[in-house]
Every structure is written in structure tokens, then in C-alpha cells.
Amino acid sequence: MKLKYSFVLVLLAFFVVGFSNSTIAQIPSDAAILPYQVDEVTNIIKERFEAPHETNEYIQFLVEEDDFPAIAPNVPMSSELTEELTEWVTTHPAAIEQLLIRAKKNYDKYFNPALIK
């Protein structure tokens, strides 16, 4: 009888520990986590503006976005402008989502051998 209670207590302890670990893992943090790498997206935008080409003109829609930094095409970006662009990328996830969708479609159009006709 004593063994049965010990087994139940051990089993109950496993459930309590397992439940508390799964509950703690689901608590959201105060910092929002973006679904993309900010530095990588910043570098993509920077490269496309510094060296515009027919295959990367999909990025031009960003110029029409609210408070997008004034980036001149064919001109290397200063470190201050790169920092401003990084801040913009961080604060505009909806625009970056559209950028990533357009980048995928652009890749398929120009570079995906399975889809090129």
C-alpha cells in the first residue's frame, strides 16, 4: 500500500514539473521577436539600392513606404543611413513581409531553374 502511494506521489511530481515547464515556456517575453533577421534584410535592401538591376527592381516599392529613409540608387550608403535603414526595418514588419514575398517571387522569376521557361 505504501509503495502505491509513493508511486502516485512520484507520478504527480512528474506531472507538476512537466506542466510548469510547458507553462513557463509559453509565457511571451516583453520584447517582440521579429520573424526575420534584421541585419540580413538591411543588407539585402542596401545591396539592391547600391546596385540596382532589372532583377532587383522589385524593391522600389519601399520608397513609397511611410518614413522610408532617403536612399539614392547607385550610391554607397553611409553608416548613418545604414543605421537609419536598420531602425526602419525593425519598426516596419508588414513592409518587410511584403518585401520577402516579392523577393521570393523575383527569385522564382529570374533564378529558379525549375520555373524558368
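Asp108 lies in helix H4; helices here are DSSP runs of H or I with at least four residues, strands are E runs of at least two, and both are numbered from the N terminus. Asp108 is buried, with a relative accessible area of 17%. Buried means under 20% relative accessible area, exposed over 50%, and partly exposed in between, with a 1.4 Å probe and protein chains only. Leaving out residues up to four places away in sequence, Asp108 touches Leu115 and Ile116.

This is a predicted model: local features need pLDDT of at least 70, side-chain atom pairs count only at pLDDT 80 or more, and totals for chains, interfaces and linings use all residues. Residues are numbered from 1 along each chain as its sequence is written, and side-chain values use heavy atoms, without hydrogens or water.

**Overall fold**
- The protein has 4 helices and 0 strands.
- From the N terminus on, the order is α-α-α-α.
- Of contacts (heavy atoms within 4.5 Å) between residues at least 6 apart in sequence, 57% join residues at least 24 apart.

**Burial and surface**
- Of the 117 residues, 24% count as buried.
- The protein exposes about 9,000 Å², and carbon and sulfur atoms supply 61% of that area.
- Accessible areas come from the Shrake-Rupley method with a 1.4 Å probe; for residues, only the protein chains shown count as cover.

**Nonpolar core**
- The largest nonpolar core has 19 residues. Such a core is a set of buried Ala, Val, Leu, Ile, Met, Phe, Trp, Tyr and Cys residues joined through side-chain atoms within 4.5 Å.
- Ile45, Leu62, Phe68, Val89, Ile96 and Leu99 have the most contacts inside this core.
- Helix H2 (38–50), helix H3 (79–91) and helix H4 (93–110) each supply at least two of the core residues.
- Neighbours within four places in sequence aside, Ile96 is in contact with Tyr36, Val41, Ile45, Trp88 and Val89.
- In soluble globular proteins, nonpolar side chains tend to be buried together.

**Helix H3**
- H3 has 13 residues and reaches 19 Å from first to last C-alpha, close to the 18 Å expected at 1.5 Å a residue. The expected span is 1.5 Å times one less than the number of residues.
- Leu81, Thr82, Leu85, Trp88 and Val89 are buried in H3.
- Seen down the H3 axis, the buried residues fall within an arc of 120 degrees, so they line one face of the helix. The arc is that of the directions from the helix axis to the C-beta atoms.
- The buried residues of H3 pack against H2 and H4.
- Glu80 and Glu83 are exposed on the other side of H3.
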